[in-house]
Amino acid sequence: MRSRLTKLATALITLFIVSIAVYSLQELLPGDPAVAILGEQATPETIAAVRADLALDDPFLVRYANWLGDALRFDLGRSYRTGAPVVEEIVNRLPITLELLILAQLVALALAIPLGTFAAYRARSRFDRLSTGAAFGLVSVPEFVLGVLLMYYLALGLGLFPPTGWVPFTESPVENLSHALLPALTMALPVMAVYQRLLRSDMTATLQEDFITMAQSKGLSTPYILFRHALRPSSFSLLTLAGMNTGRLIGGSVIVEVLFAAPGIGQLMVQSIVQRDFIMLQGTVIFVAAAYILINSLVDLAYGFIDPRVRYQGA
Amino acid sequence: MNEGASTVTTQPDVSKVPAPRSAEPTAKGNTGSGSRRARRRGLGVLFWCSAAWLGLVVLGAIVAPLLPIADPAAQDYRSVAVAPGSPGHLLGTDGLGRDLLARAVFGARISLIITLGAVTIGLVVGGTLGMLAGYFRGTAERVIVAATDAMMAVPALVLLLALMATLGSSVQNLIVGLGLLGVPAFVRLTRANTLVYTKREFIVAARSLGASNWRILAREIVPNILPAVAAYAFLVVGILIIAEGSLSFLGVGVPPPASSWGMMIAEGRDSLRQAPWVSFIPSAFMFLTVLSFNLIGDRFREESDVRETTI
Amino acid sequence: MTTTAHTGGRRTAQTDVDPILVIDDWKTWFSTDSGAVRAVDGVSLRLQPGRTLGLVGESGSGKTVLARSILGLLPTRNRLNPGGSIFFDGVSIGNLSKRKMRDYWGKDLAMVFQNPMTSLNPVVTVGRQLTEVLKLHLGMSRSAARDRSVELLRSVGIPEPARRIHDYPHQLSGGMRQRVTIAIALAANPRLLLADEPTTALDVTVQAQILDLLDSQQEQRRMTMILVTHDLGVVAGRTDQIAVMYGGKIVESAPTRELFHNTRMPYTQALMLSVPNLTSPSHSRLFTIPGRPPVLTNPGPGCRFSPRCPYAQERCLVEEPPLVAADRPDHEYACWYPVGTPQGAEALERNFSNGVTASGTSMSSMSKLEA
């Protein structure tokens, strides 16, 4: 119980530090922040209005405290470009990014678990060596290269998927999936390669265990032993890694959303950079950071549920 | 499963002690022969292929202005988007008639300047902080670790995007931004290694002989953690090349007219159907370079691991 | 397959009951960098149904490899197949693939492993590790399997079995865990149970309980059992027959009483002397066998025990003694100068007067043999 509290406290402290860092990005803006936010053509009146609105004449800590107070009430300000509340925009786009993240994670695991298991079962076989090589290749391909390749071959070449665009799930689930699959696959493949290697090495160690020989001597079938006896004790570090990799997936999602024209949070972020919409950018960055810290804390807690030894120590 | 091997290892008489757990000597025997085998294998063909490719890219990047290749910015309107293998344009041209080979070579220049500069910053800053944290412990360590954790708590690409958007993208800013990104990783690595070495006998001995902290750090710790850190630096370069490419791809990389691989790939995206090579050529350059850095870093890492276990 | 089955039938025709297990000149070798390791090097055995065999030897004698060869549980990597056969119930199983062996595992052949700390899956409940066997081999439904599991756990002496089936292995003590592995091994009523050092990893106080449990279960189920151990004390009162292994071979084999009363092989004698005896004074030193078990890569021409044997003579170094039944048909041993015979006494005396054996081992630590 105590360890859970310390973990929670650490997460909160981290979030606090991150929020200060992100907020102080404003200070790094070259010149007058108000000018930077509004653009060079801004009139003195509007600049004065923004300065008053953002209370730029107050000391930094006061401004930060006000901003944090608003943020805790889910108010991240308004865009000076579109006038839309930042939170509203994020909420509108969240389902798309979330769908891509979950889909990518599922695809990565769905591919990595059987491949990693089989590579461990046939350790040092041709398949094992081949998958090692493929994994090395895959982690060396940037998402935007992989995405371009997949788009060229699977979408433009074979016509299996639409190359770009997005259809909301509520409009047509089938269309939605066919639009989401290619970006998700792009995000998933490099991550899958890492998962596969990790599971393979953990699983190889597990397969040396006495309890596997024992399971064999019970007459259980090989697939049953692999998936019902060996998989769970081999997947603890995989779960941790899957949590940590959410960061990489979020990065991948930014690229993929731009490449495949999927209107998610990543695309919003890049758009607000291009349009110099600083308030929107700040809001999305702090949101993504908070979400990421939350996910990692949840993964930490979930750890206890798959390993009964941890679970009972905690109780 | 190891039983077969374990029963053939010699063990003390049963008459003395009731049988010890038989798995232990086997495990040791296996890892021993495994590392011996890895060593006998040498560095491997792949390693030398990677080294050769990197040598070629680095050399090409350095002497690029002297090479007999076209001006990367020159637009040849008579040969727009010609396929690789065309006369005068070995790797073809892009939609503006610019020579892809020349652009790839000059792109390597930009990519390497940025990533090597960044990895140097990451290594020096991160390495120093990590070493100090691991050696002196205390409050300094807590602050450094907390700051590192906070940095790692933001997805790297998002952090970079925010930084570049705020600071504005220039080569210097990219080097600083990417370098900052590498800092936490190096802090973790050097801190962990320093912690290990600080407990070793030779450090304790040096201390009891009255060596100053700085002398121990410079003479004992640095040479010992350097191999692992250097191996890691290769892997980080690979990551940074991808990161730099991603920024260029998203439009916040090096400002035009300079070209980097990531930007070239992004430019080719629109004509993917008609002229896929415009994207594919820089993609191939980037892929081979990242792969080479990864392979070399991985081999070095294995080697430095072996060193650690045999010490 | 049919021909081999026939051969099995012919071989066993002489005895009243067909042996359930017949091993003929079985070899298990492993290829290594330094040559073939002959872990089991020509072992022959036969075992009547319902009997208990004690397989005794030091670590490295090949007893565990032999036990795992019978089950076909050895890794296939690096394994050589130089010959021999194993018949179970008249069928040759020695060289069956793991896929084919699966038909035997659990319901015909079962095994209790040495270390209950590592042989149970730490993340699967005790109940599921039991019920999966029942569902697979006996085709039981989920609820029937659960009821039967509770029954099995009770029969192996686990208190509150209905609650224990929800426990994970780490919640049980070592002795309890070994009881669970025994329950699992017995779940599908195997005809031959191999217990590989089942008490070695346990507290001394629990060891006797586990052995008694195996004993009573074997009797109730009229099961055949092989008890593998390094401790002659373990098998003394609990087996019908004992085979002593050294250097991958059987060096002496006899009914239990006969082996203890008319020990012939010096190695067996040494093992007996190294067992702590309750009747001897508490501070008396145990006999230790000098030297180490042989490295099994390139066996020399002589007896494999000769470098450590207090009886060793010139002949022992150059000529390997065959396993023969010299005194009575059910007592076999491989020795030129057997214990308890005039030749043996003479050899021992000669070595004592020389101070060393023919292989150069000092006799100074052998004084216990003089009495």
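A:Ala261 counts as partly exposed, because 14 C-beta neighbours lie inside 10 Å. This residue of the predicted model sits in the loop between H13 and H14 of chain A. Its phi is near 55°, a positive value in a residue other than glycine. Most residues other than glycine have a negative phi.

- C:Glu160 is not a glycine, yet its phi is positive, at about 50°.
- C:Glu160 is found in a loop of chain C, between helix H6 (142–155) and helix H7 (161–164).
- C:Glu160 is exposed, because 11 other C-beta atoms lie within 10 Å, and the cut-off for exposed is 12 or fewer.
- A:Thr204 belongs to helix H9 (residues 173–207) of chain A.
- A:Thr204 has 18 C-beta neighbours inside 10 Å, so it counts as partly exposed.
- Beyond its neighbours within four places in sequence, A:Thr204 is in contact with A:Ala120 and A:Ala123.
- A:Phe118 is 86 residues from A:Thr204 in sequence, while their C-alpha atoms are 10.0 Å apart.

**Chain A against chain B**

- The contact brings together 40 residues of chain A and 38 residues of chain B.
- On the side of chain A that touches chain B, several helices of chain A each supply at least two residues, among them helix H1 (2–23), helix H7 (126–139) and helix H8 (143–157).
- Helix H13 (246–259), helix H14 (265–274) and helix H15 (278–306) of chain A are also included there.
- By class, this side of chain A has 33 nonpolar and seven polar residues, with no charged residues.

**Chain A against chain C**

- Here the contact takes 17 residues from chain A and 24 residues from chain C.
- Three elements of chain A give two or more residues to its side of this contact: helix H10 (210–217), helix H11 (222–234) and helix H16 (308–314).
- H10(A) gives the most, with seven residues.
- This side of chain A holds six nonpolar, five polar and six charged residues.

**The largest nonpolar core**

- This core has 269 residues, and B:Leu161 and C:Val244 touch the most other members.
- Helix H9 (residues 213–250) of chain B provides the largest share of the core, 20 residues.
- Not counting residues up to four places away in sequence, C:Val244 touches residues including C:Val56, C:Gly57, C:Ile250 and C:Val251.
- C:Glu252, C:Met265, C:Tyr267, C:Thr268 and C:Leu271 are also among the residues that C:Val244 touches.

**Chain C as a whole**

- Chain C has 14 helices and 12 strands.
- Its radius of gyration is 22 Å, which agrees with the value near 21 Å that a compact globule of 371 residues would have.
- The C-alpha trace of chain C spans about 70 × 55 × 45 Å along its principal axes.
- Of the 371 residues in chain C, 49% are buried.
- Take the contacts in chain C between residues at least 6 apart in sequence: 65% of them join residues at least 24 apart.

- Strand E8 (residues 192–196) of chain C is mostly covered, with five of its five residues buried.
- In a regular strand the side chains alternate between the two faces of the sheet.
- From E8(C), C:Leu192, C:Leu194 and C:Asp196 point one way, while C:Leu193 and C:Ala195 point the other way.
- E8(C) pairs with strand E7 (residues 109–112) of chain C in the parallel sense, over four bridges.
- In that pairing, C:Leu109 stands opposite C:Leu192 of E8(C).
- E8(C) also runs parallel to strand E9 (residues 224–229) of chain C, and five bridges join them.
- C:Leu194 stands opposite C:Ile226 of E9(C).
- A right-handed β-α-β unit is made by E8(C), helix H9 (residues 204–221) of chain C and E9(C).

Key. Residues are numbered from 1 along each chain as its sequence is written. Chains are lettered from A and ligands numbered from 1 in the order in which they are written. This is a predicted model: local features need pLDDT of at least 70, side-chain atom pairs count only at pLDDT 80 or more; totals for chains, interfaces and linings use all residues. The radius of gyration is taken over C-alpha atoms; the globule rule is 2.2 Å times the number of residues to the power 0.38. A residue is buried if 20 or more other C-beta atoms lie within 10 Å of its own, exposed if 12 or fewer, and partly exposed in between; C-beta atoms are placed from the backbone. Two residues are in contact if their C-beta atoms, placed from the backbone, lie within 7 Å. Ala, Val, Leu, Ile, Met, Phe, Trp, Tyr, Cys and Pro count as nonpolar, Asp, Glu, Lys and Arg as charged, and the others, Gly among them, as polar. Two strands pair if DSSP finds at least two bridges between them. A crossover is right-handed if, with the strands pointing away from the viewer, the path from the first strand over the helix to the second runs clockwise. A nonpolar core is a set of buried Ala, Val, Leu, Ile, Met, Phe, Trp, Tyr and Cys residues joined through C-beta atoms within 7 Å.
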